[in-house]
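Thanks, everyone. Let me put the structure up and walk you through a few spots.

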Amino acid sequence: ADVTGLDINPHAVHMARRNWRRNQLPDNKARFLQSEVFSALPQAEQNGFDLIWSNPPLLPKITTIDQSVHDREGYEVAGENGRRVLDVVLGEAHRWLRAGGRALTIATSLQGWRHTKRLLERDWQRYEVLREVELELTDECGPPYIDWWLEQQANDGEERIYQQQGKWMHKVWYLEACK
């Protein structure tokens, strides 16, 4: 396979390239580019991929805390509602896929399911939830985020987080969308 790896984090790009070489995979079969979603790809490559896989960041921008990029966690902020990357993947990945191509990604209740479902229904011939899991919030998802998600829940009535045995939980959906 020919592989193209895209990431906004230059350290992630460096590590992907390094891991490729460490595993003695052929240099001529991969390229790794710093990119905000698909922005580094030339337009001529539209309709050129068989598979797109994405693990998008999901934290919302909160103005009351420092979310500047100091380390890997800084790259987890995904715009005002934590959807910026997911929305671009769901809204544009089909343009980069060959006929019959697939996109694999995750979405979470933290981002809201209704909007995700609308994008899937609008832009994809078919999609499937391959797996749904409940996960505990990680340490980086502390009180400022919990308060934000609870406020979103109160505003739109869509469950983002919930408590289970004293732990904050959320749902994660593993998705496959086909062109």
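Start with a cut-off. Buried means under 20% relative accessible area. And keep in mind that this is a predicted model.

Now take L86. Buried or exposed? L86 has 0% relative accessibility, so it counts as buried. Where does L86 sit? Look at helix α2, residues 84-96.

What does L86 touch, once we set aside its neighbours within four places in sequence? The partners are P56, T105, I106, A107, Q111 and T116. L58 and L86 are 28 residues apart in sequence. In space, their C-alpha atoms are 8.0 Å apart.

Next, the cysteines. C141 has 7% relative accessibility, so C141 is buried too. C178 comes in at 5% relative accessible area, so the same cut-off makes C178 buried. How many disulfides does the model have? The count is 0. The rule there asks for a pair of cysteine sulfur atoms within 2.5 Å.

Last stop, the strands. Find β1, residues 3-7, and β2, residues 30-34. The two strands pair in the parallel sense, over 5 bridges.

One general point while the strands are on screen. In a regular strand, side chains alternate between the two faces of the sheet.

That's my tour. Over to you for questions.

Methods. Residues numbered from 1 in each chain as written. Predicted model: local features only at pLDDT ≥ 70, side-chain atom pairs only at ≥ 80, totals over all residues. Heavy atoms only, no water. Buried < 20%, exposed > 50% of the residue type's maximum accessible area, 1.4 Å probe, protein only. Pairing = 2+ DSSP bridges. Helix = DSSP H or I, 4+ residues; strand = E, 2+ residues; numbered from the N terminus. Contact = heavy atoms within 4.5 Å.
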